Amino acid sequence: MATGRTHRPATRSRGIPEATVARLPLYLRALTALSERSVPTVSSEELAAAAGVNSAKLRKDFSYLGSYGTRGVGYDVEYLVYQISRELGLTQDWPVVIVGIGNLGAALANYGGFASRGFRVAALIDADPAMAGKPVAGIPVQHSDDLEKIIQDNGVSIGVIATPAGAAQPVCDRLVAAGVTSILNFAPTVLSVPDGVDVRKVDLSIELQILAFHEQRKAGEEAAGSDGAGAVAAGRGDSDSASADQGPDGDVPAVMPA
């Protein structure tokens with residue numbers, strides 16, 4: 001089976017926008033679920049709803065793949081699974097190394113979805129000598145001193161960094177120098193890489209902070225709505241009180257009665 005070192009996805013050469021590329025895995029996940037249920041065809045509306053996008057955007061995205069579906073029938077599920085998998089480069093074997101086998105790295109190593117999606121964990125690497133040889137997810141951890149040799153021996157072009165922030169950039173530099181051209185970064189820091197190296201960052205704390213922002217905004221809107229209702233009620237009460245205090249001509253007396 002081919003390795004990632006000799007085969008690269010064709011998305012850039014074919015001019016597929018990055019935003020479309022980012023949505024292709026969403027479509028593939030939804031289509032895979034349909035395929036597992038033996039659903040033969042799916043409409044753009046149904047697939048868009050399953051992927052969390054609108055149908056017009058989905059049809060535009062698929063037009064970049066040359067797939068337009070059949071009016072009244074929809075899209076062939078199995079063909080789309082193949083088409084998107086091919087476009088994403090998932091019809092071949094991509095060896096991956098995970099560097100940093102702490103709690104997060106171990107969790108990633110134990111994730112069962114890599115193999116079914118075209119990725120093979122070729123090696124687990126850690127700087128702690130005590131971790132060397134220890135099996136994680138059935139794979140013995142190797143020391144970071146051997147990082148370059150491991151990458152060369154396995155033809156690795158994708159590296160996953162799950163180290164503490166302070167170690168991430170030096171690890172990144174070594175990965176790139178050894179030939180890794182794509183990096184998935186879980187460390188809470190921004191990596192500096194040369195042209196030609198792709199970095200995708202996954203920062204759980206940032207995602208939680210964004211959710212906290214939305215929660216705060218929702219709470220503020222609820223409080224504002226509650227205050228607004230109270231103000232309306234208070235205003236209504238003031239109006240009633242003022243009406244009771246008005247004189248015979250409807251004016252409020254200058255001197256209130258005792």
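Reader: I'm starting with Met131. Where does Met131 lie?
Author: First, a heads-up: this is a predicted model. Met131 lies in the loop between E4 and E5.

Reader: Is Met131 buried or exposed?
Author: Buried means under 20% relative accessible area. Met131 comes in at 13%, so it counts as buried.

Reader: Which residues is Met131 in contact with, if I leave aside its neighbours within four places in sequence?
Author: One partner shows up if you look at C-alpha atoms: those of Met131 and Val141 are separated by 6.3 Å, though the two residues are ten apart along the chain. With close sequence neighbours left aside, the contacts of Met131 are Ile101, Asp126 and Val141.

Reader: Val141 again! In E6, which residue has Val141 as its bridge partner?
Author: Strands of a sheet pair through backbone hydrogen bonds, either parallel or antiparallel. E4 and E6 run parallel and are joined by three bridges. In E6, Val141 is the bridge partner of Leu124.

Reader: And what about E5 and E6, do they run parallel or antiparallel?
Author: These two form a hairpin with two residues between them, and Ala137 in the turn has a positive phi of about 55°. Pro135 has Pro140 in E6 as its bridge partner. Two bridges join E5 to E6, and the strands run antiparallel.

Reader: Zooming out, what is the strand order of the open sheet?
Author: The whole chain comes to nine helices and nine strands. Seven strands make up this open sheet, and the pairing is mixed. Reading across, the order is E5-E6-E4-E3-E7-E8-E9.

Reader: Which strands stand at the edges?
Author: Check how many partners a strand has. Two of them have a single partner strand each, so one side of each is left without a neighbour in the sheet. Those edge strands are E5 (135–136) and E9 (198–201).

Reader: Helices next. At about what angle to E4 does H7 run?
Author: Helix H7 takes in residues 147–154. It lies across E3, strand E4 (119–126) and strand E6 (139–143). Its angle to E4 is about 165°.

Reader: What angle does the direction of H8 make with that of E7?
Author: Helix H8 (residues 165–177) packs on the sheet and touches E3, E7 and strand E8 (182–185). With the direction of E7, that of H8 makes about 170°.

Reader: Which residues of H8 are buried?
Author: What covers them includes E3, H7, E7 and E8. On the other side of H8, Gly166 and Ala177 are exposed. The buried ones are Ala168, Val171, Cys172 and Leu175.

Reader: On to the rings. How many aromatic pairs are there?
Author: Rings pair if their centres lie within 6.5 Å. By that rule, the count is three.

Reader: What kind of pair do Phe62 and Tyr75 make?
Author: Their ring centres are 5.1 Å apart. Planes over 60 degrees apart count as edge-to-face. Here the planes are at 85°, so the pair is edge-to-face.

Reader: How many residues apart in sequence are the parts that this pair ties together?
Author: Phe62 lies in helix H3 (residues 55–64), while Tyr75 lies in strand E2 (residues 75–76). So the pair ties together parts whose separation in sequence, in residues, is 13.

Reader: Which residues form one aromatic cluster?
Author: Phe62 is buried, at 0% relative accessibility. Tyr75 is buried as well, at 5%. The cluster is made of Tyr27, Phe62 and Tyr75.

Conventions
Residues are numbered from 1 along each chain as its sequence is written. This is a predicted model: local features need pLDDT of at least 70, side-chain atom pairs count only at pLDDT 80 or more; totals for chains, interfaces and linings use all residues. Side-chain values use heavy atoms; hydrogens and water are left out. Two strands pair if DSSP finds at least two bridges between them. Helices (H or I, at least four residues) and strands (E, at least two) are DSSP runs, numbered from the N terminus. Contact means heavy atoms within 4.5 Å. Axes are lines fitted to C-alpha atoms, for helices over the stretch in contact, and angles run from 0 to 180 degrees between N-to-C directions. Buried means under 20% relative accessible area, exposed over 50%, partly exposed in between (1.4 Å probe, protein chains only). Rings of Phe, Tyr and Trp (its six-membered ring) pair if their centres lie within 6.5 Å; planes under 30 degrees apart count as stacked, over 60 as edge-to-face and the rest as tilted.
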